[in-house]
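Trainee: I am new to this one. Could you show it to me and take my questions?

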Amino acid sequence: MTPDIVIVGGGLVGCSAALHLARAGRRPLLLEVGRIGAAASGVNFGGVRVQGRALFELPLALRSRAIWDNLVDIVGTDCEYRRSGHLRLAKTPADLDAVAAYAEKVRPAGLDLEVIDGAEIRRRHPAFNATLAGATWSAGDGQANPRLAGPAFARAARAAGAEIRDNAKVVAIEPVAAGFAVATADGQRVTVPQVINSAGAWAPDLAASLGDAAPGRAIYPNMVVTEPLPPLISCSLGTYGNGVYLRQVERGNVVFGMGRGRLAAPDRAVPSAETSLAAMAEAAWLLPRLAHAHVIRTWTGIEGELADGQPVIGPSPRHQGLFHAFGLSGHGFQLAPAIGAVLAELATAGSSPTPLDGFSITRFTAG
Amino acid sequence: MTGQFVRLAETERPEIGFTLDGMKLTALAGDTVLTAVLMQRRAVRRSEFGDGPRAGFCLMGACQDCWIGDVDGRRFRACSTLVTDGMALVTLP
Amino acid sequence: MTAVIIVGAGPAGMAAALTLVEAGLRPIVVDEAQRAGGQIFRRPPPGFTRPPAALYGADAAAATRLHLAFDALGDRIDYRPQTLVWAVEPDAVHLQGPQGRVRLDRGPLLLATGATDRLLPVDGWTKPGVFSLGGSQVALKAQGVAIGRRVAFCGTGPLLYLVAYQYAKAGAEVAAVLDTSAFGDGIRALPLLAADPAKLARGIYYLGWLRAHGVPVHHGVRPLTVHGESVTGLTWRDAGRRLNETRCDALALGFGLRSETQLADLAGVPFRFDPIRRQYLPDIDQDGRAPAGAVYLAGDGAAVRGAAAAETAGRLAALALAADLGRPVDTAARDALRGRMARFERFARGLDAAFPFPVDLLDTATDDTLLCRCEAVTVGTMRHAVGELGAEDVNRAKAFVRPGMGRCQGRMCGLATSELHARLRGLPPDQAGRLRGQAPVKPVPLA
């Protein structure tokens with residue numbers, strides 16, 4: 001079968017795009033340099049959260065929420081997704097004012113958040129640090145197992161007719177009359193009318209090679225997990241500012257993150273012990289009962305972040321048939337399923353019903 | 001209650017007292033927590049995932065299958081911690 | 001200059017410390033145990049009275065010599081017992097011990113992390129009363145206890161006979177010795193085993209002693225199921241495929257030893273597959289030197305060869321380290337040590353031939369058999385991960401269904417998981433890859 005569109009990058013975005021394209025009758029070929037869903041998509045926190053996002057992200061995030069809520073119907077497995085709710089904690093009264101103001105701001109966009117004061121936090125969550133000023137509660141948010149999501153979308157995409165190749169490194173994309181000639185490291189070459197660049201931390205270089213600039217860098221979110229513990233907290237949570245984010249999976253392990261790991265070798269990031277210790281202290285502050293629990297593992301991975309901390313999603317201003325979706329900047333796991341759906345619409349219909357204002361790559365070059 | 005372990009040697013050590021889930025028990029000075037518990041019982045914990053009791057396995061701090069707690073909420077590996085007089089142990093979780 | 005850090009105080013670590021002090025250095029020696037000795041020369045807690053001959057048998061002289069020499073080092077080393085190295089980073093080594101958490105600047109690193117039992121899952125092997133073979137020996141040596149009243153020994157390797165012999169001598173009832181290796185395996189390995197005639201003779205002696213004292217010894221055994229909520233017995237097939245049951249209240253299980261390599265992994269040492277030991281091992285030169293990063297490995301943590309080889313390797317690696325620091329090294333002594341290592345390696349290969357890892361057990365294991373003890377992952381779940389989910393290697397299987405993801409980080413199940421993965425795909429075991437080490441290499445408390 002001759003592909004009619006190449007997707008570079010088999011993270012959750014690329015796999016979702018492959019699934020939606022295949023179901024729309026297209027013939028996608030997905031090329032992944034390593035293993036499917038094993039980079040940023042597979043090593044992130046697993047938060048599936050709408051609250052806290054920029055206003056212009058909300059239509060896309062709410063569309064993604066609908067996919068997460070129907071994951072079993074869409075990909076045949078739940079990827080351990082639970083609509084557990086999400087708390088955004090405020091440590092100080094000023095932080096509480098900020099999260100409460102955010103709740104007001106996003107209500108017209110369809111995101112319902114409940115503002116909770118410190119007394120209510122203590123009533124609902126007696127295990128939390130008693131000095132918290134409050135929180136906003138998002139009942140429709142949740143959490144999922146990131147290690148399962150990318151591969152599940154890839155399996156569904158394959159079943160729908162997509163061709164998915166891992167260990168396939170794209171070495172060059174050359175604009176030609178018929179579209180793009182895509183060359184892989186094993187010497188193969190395929191020409192297709194359309195290309196999707198969803199290559200994660202490696203995407204900005206690919207975009208730049210085609211003249212589309214988006215200033216980015218790699219980040220290495222530092223993750224920590226405890227041994228399995230009795231139920232302590234059923235929802236996912238984050239802290240206003242850059243504090244700890246934490247959830248307890250159904251098996252009992254408490255997963256949390258804060259700060260960054262580091263690069264040990266080209267394309268290989270490792271957690272930082274110092275960062276892990278700081279995150280452990282913060283988690284123990286937040287949930288004093290965790291103090292005696294044991295950490296059994298830390299990890300990180302490579303994610304792409306853009307200069308303004310927001311993704312690029314949309315067509316290339318320079319090449320007809322080229323679409324970018326990258327720079328998810330550490331908050332892309334929730335968005336990724338809908339980004340794939342939107343990319344499929346852009347590639348087949350030329351537009352998407354989901355507003356993408358704010359995601360255009362031209363924001364880095366215009367003006 | 002019959003324990004899992006059987007003493008074959010080194011039985012002349014002084015006796016010490018500890019509690020396990022509130023029950024008063026005795027051990028010998030120099031016993032590991034695992035020895036102290038398995039002299040009285042056949043298990044130290046239950047698997048978190050519902051597959052039954054566990055009693056440690058490797059006795060050298062590698063398998064992590066003998067974690068036990070105390071009344072202060074601390075957790076330690078029974079095989080690599082010596083029991084001390086007055087220790088108040090609780091099985092996890 | 002940043003201090004040399006030795007991790008582990010078994011025969012390799014102790015010998016390395018002695019050698020480095022002789023070379024004029026003052027290494028930091030970090031060890032998890034309360035007293036130096038490692039597992040093989042492990043010393044009981046204070047107040048125990050059995051003499052070395054009772055604890056270490058034929059190795060008593062070597063054990064005592066190393067213990068005394070190491071203890072005599074005093075403050076010529078910076079000794080940190082009861083301390084775990086939980087992370088190694090490019091510029092730092094992180095400790096957890098009586099002083100809490102300590103960060104050391106990373107100087108030259110000599111890893112002597114030893115070995116643990118090499119295991120395969122047997123239906124019911126997580127039940128109370130089943131202990132690793134090495135653990136069963138530790139119970140007797142370090143605590144003076146037997147793991148049960150009536151103990152069966154199942155698995156393979158020289159330790160199987162030694163521990164059964166030690167149990168019987170100490171007064172325990174040995175229900176049976178059930179060796180998965182065929183008698184012919186041992187015969188065929190004799191030319192290699194002749195590299196250490198004394199050791200070979202001891203092995204034959206233990207077997208003869210057990211037989212003479214009425215202990216049933218069977219070869220070519222395939223264990224099937226451990227019975228009881230706590231152990232009440234083991235069913236197994238004999239070499240003729242006949243079904244047998246051994247009644248017992250404890251089972252010692254072990255199929256040889258495997259190297260502890262997590263810290264080498266964190267230190268950035270490259271690995272290569274050792275087809276004899278069926279394990280990815282640190283890729284080091286003949287003296288134990290890693291290609292980069294000032295990392296040296298010695299003892300069973302580099303490759304399993306036993307205590308005497310570990311002591312030799314500890315000296316050799318320490319000499320390499322000292323030479324790399326510009327210290328004068330007695331090259332004649334070094335060459336003699338290299339010669340000894342070659343003989344140890346020959347004997348180790350003989351043991352591997354005499355006591356092969358019976359990985360075919362994985363083919364017949366029931367779906368319900370637990371593979372990963374920590375995460376309670378069954379063999380059936382692993383088959384699903386490879387078959388239906390398409391897990392391409394062990395790390396993918398871990399990502400999908402969690403074998404090796406628990407507290408022990410695959411120490412107990414990692415090799416079996418790799419072997420199972422490879423067999424399900426019809427590939428040699430190196431094709432399954434290896435589980436990556438991750439900090440903390442053992443659990444550390446949050447606060």
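Mentor: Start with helix α5 of chain C. Its buried residues are C:Pro158, C:Leu159, C:Leu160, C:Tyr161, C:Val163, C:Ala164, C:Tyr165, C:Gln166 and C:Tyr167. Keep in mind that this is a predicted model: local features need pLDDT of at least 70, side-chain atom pairs count only at pLDDT 80 or more, and totals for chains, interfaces and linings use all residues. Residues are numbered from 1 along each chain as its sequence is written, while chains are lettered from A and ligands numbered from 1 in the order in which they are written.

Trainee: What makes a residue buried?

Mentor: A count of neighbours. A residue is buried if 20 or more other C-beta atoms lie within 10 Å of its own, exposed if 12 or fewer, and partly exposed in between; C-beta atoms are placed from the backbone. In chain C, buried residues make up 59% of the 447 residues.

Trainee: How do you know that the span of α5(C) is close to the expected one?

Mentor: The expected span is 1.5 Å times one less than the number of residues. Helix α5 (residues 158-170) has 13 residues, and 18 Å is expected. From first C-alpha to last, α5(C) reaches 18 Å. Just after α5(C), C:Gly171 takes a positive phi of about 105°.

Trainee: What counts as a helix or a strand?

Mentor: Both are DSSP runs, numbered from the N terminus: helices are H or I with at least four residues, strands are E with at least two. Chain C has 14 helices and 24 strands.

Trainee: Why is chain C called as compact as a globular protein of its length?

Mentor: The globule rule is 2.2 Å times the number of residues to the power 0.38, and the radius of gyration is taken over C-alpha atoms. For 447 residues the rule gives 22 Å; chain C has 21 Å, close to that, so it is as compact as a globular protein of that length.

Trainee: Which residues make the contact between chains B and C?

Mentor: Two residues are in contact if their C-beta atoms, placed from the backbone, lie within 7 Å. Chain B gives 32 residues and chain C gives 43. β1 (6-7) and β5 (53-54) of chain B each supply at least two residues of its side.

Trainee: Why are β1(B) and β10(C) called paired?

Mentor: Pairing needs at least two bridges found by DSSP between the strands. β1(B) and β10 (residues 145-146) of chain C have two bridges, so they pair, in the antiparallel sense. There, B:Val6 stands opposite C:Ala146.
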